[in-house]
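Please open the model in your viewer and keep the selection tool at hand. We shall go from stop to stop, selecting a few residues each time.

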Amino acid sequence: MASVSKKVLIIGSGLGSLATALRLTTHGYQVEILEKHHQAGGRLNQLKKDGFTFDVGPSFFSMSYEFTELFKYCKIPNPLQMNELNPVYSVYFAGKKEPYSIYKELDKLAQEFADIEPDFKAKAEKYLKSAGEIFHDTEHVIIKRNYDNLFQYAVALMTVPKKHAPKLIRSMWAELERHFDSEHVKVIFSLVAFFLGSTPFDTPAVYSLLNYTELKHDGYWNIKGGMYKIVEEIQKILINRGVKFHFNAEIASVSEANGKINGFTDTTGKVWNADIYVCNADAASFRGKILNRTKFSEAKLDKKHWTLAPFTIYLGVKGKLDNLHHHNYFLGSNFKQYADNIFKLSVNPEKPYYYVNASSKSNPDCAPEGCENLFILCPVPDRRYKNDWSDREALADTILKDMSERIGFDLIANRVTQTIYAPDDWEGMFNLYRGSGLGLAHGLSQVAAMRPKNKDEEFDNLYYVGASTVPGTGLPIVVIGSKLVTERILKDHNNSI
Ligand SMILES: Cc1cc2nc3c(=O)[nH]c(=O)nc-3n(C[C@H](O)[C@H](O)[C@H](O)COP(=O)(O)OP(=O)(O)OC[C@H]3O[C@@H](n4cnc5c(N)ncnc54)[C@H](O)[C@@H]3O)c2cc1C
């Protein structure tokens with residue numbers, strides 16, 4: 001490993017930043033991290049209020065081995081206690097009292113669906129086998145790599161077995177219809193499409209690989225002590241390695257000469273210098289807003305596909321919710337209509353679809369004795385389609401009333417504390433474009449070599465890491481992104497990996 005003492009300034013302290021800082025300090029770089037929020041983590045943040053502790057964004061993740069790889073790469077023991085979820089989640093449908101528990105064991109899952117999907121196990125084995133082949137045929141050759149140009153991407157695509165080609169044209173829903181008869185089974189398997197920034201009716205069937213990752217491959221995991229432990233533990237290691245963190249500092253402009261950046265200036269006028277810069281703010285909107293690139297002007301950004309915005313409620317209640325599992329989806333009975341409207345029309349408060357995480361189920365320290373803490377996430381259109389969120393309290397109450405009826409517990413009467421983040425709050429806190437929660441969507445025109453690159457087009461010493469650059473969004477994926485950007489920096493600056 002090369003011994004270097006070049007200084008790297010990372011703008012933003014999300015997981016992509018922290019993981020990159022870990023890797024770069026392992027290679028001897030000096031790292032400084034600058035963050036507009038008052039504490040580290042970006043969307044992977046924490047809120048403490050009235051004796052309750054909430055994870056602000058992510059509540060679980062797939063591909064846990066990417067965290068294992070990160071710590072191994074940095075030659076340190078993994079400080080995180082990762083718990084595998086099983087059942088991975090529960091799904092409540094409107095008009096059906098009992099939820100389905102989604103187990104990883106297909107025999108147990110077949111029992112859940114015994115009344116609605118005869119022969120489920122055999123059908124699921126067949127569906128997941130083909131989904132698994134797509135995953136393994138693309139993981140290394142397409143996803144976990146850097147591209148310098150479209151030609152390289154075209155060559156890489158040619159190495160993927162041709163048998164997957166029909167799944168580029170067929171929709172995920174059409175693929176599910178080929179395997180399953182029950183509407184409920186199809187809806188449950190298709191929920192992953194929304195994470196990608198599309199609906200199962202528009203998402204290509206290749207993304208059935210996500211069903212493989214959740215049910216067959218590595219499953220879903222969370223962290224003992226809460227998700228924010230990821231940030232706390234990595235930050236502790238970085239501070240020990242001499243990394244300096246600066247909070248409440250927001251970059252507003254750049255100064256450059258001869259194809260290189262000389263420094264970034266924050267909103268107070270202070271100039272920040274380094275040899276190399278890594279941007280962890282949204283890779284598309286940063287290029288538009290801070291670098292003034294016409295290709296990323298507001299008009300051009302608005303034409304891109306973005307993932308849904310989060311409407312989140314952090315609720316502390318008096319009483320124990322014994323019926324509720326750890327991870328729960330509450331769905332209505334009008335799935336197709338919901339999917340057709342959700343990206344563009346403002347939420348229909350009568351029929352909200354939402355996800356609920358009760359982290360006090362596995363981390364009792366998150367809530368006072370006899371209480372429960374709930375994180376409620378309702379995906380909503382971003383601010384291009386609904387700009388005014390002054391109805392946030394009313395929308396929260398509608399969701400809480402719906403959930404209270406469905407679980408038989410009055411959440412409003414037992415409410416001890418409540419905080420709401422609407423899309424405008426998410427945009428304000430972390431500079432998420434129009435409040436989009438997961439960043440740029442993952443349609444085929446916005447992935448791999450078609451996604452904003454992790455190396456700047458003009459400046460030799462500027463790189464990107466995080467949800468809107470390669471390979472994409474989600475915790476394990478930005479950890480992969482930290483490896484890709486590190487490879488670029490080492491290659492460009494003549495260091496061996
Ligand atoms: C509600 C919600 C739930 C989610 N749930 C899950 C989940 O369960 N599982 C999962 O895997 N993923 C989930 N995600 C996605 C996951 O959180 C993201 O993909 C990941 O955290 C993105 O990390 P990042 O490296 O892009 O950094 P970010 O989290 O985007 O952090 C970037 C940082 O840069 C800072 N910044 C921006 N602009 C500037 C500037 N000009 N100057 C200084 N600092 C700046 C921001 O304040 C922020 O702290 C969820 C996201 C949301 C919003």
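Begin by selecting Arg-434, which lies in the loop between helix 16 (423-430) and strand 19; helices (H or I, at least four residues) and strands (E, at least two) are DSSP runs, numbered from the N terminus. Residues are numbered from 1 along each chain as its sequence is written. This is a predicted model, in which local features need pLDDT of at least 70 and side-chain atom pairs count only at pLDDT 80 or more, while totals for chains, interfaces and linings use all residues.

Arg-434 has a positive phi of about 55 degrees although it is not a glycine. Is Arg-434 buried or exposed? Arg-434 counts as buried because it has 20 C-beta neighbours inside 10 Å, where buried means 20 or more other C-beta atoms within 10 Å, exposed 12 or fewer, and partly exposed in between, with C-beta atoms placed from the backbone.

Next, select Met-63, in the loop between strand 4 (52-55) and helix 2, where phi is near 50 degrees, again a positive value in a residue other than glycine. Met-63 counts as buried, since it has 21 C-beta neighbours inside 10 Å. Most residues other than glycine have a negative phi, and most peptide bonds are trans.

With that in mind, move to Pro-87, in the loop between strand 5 (82-84) and strand 6 (89-93), and look at the cis peptide bond that joins Asn-86 to Pro-87, with omega about 5 degrees. Finally, select Pro-471, in the loop between strand 19 (462-464) and helix 17; the peptide bond from Val-470 to Pro-471 is cis, with omega near -10 degrees.
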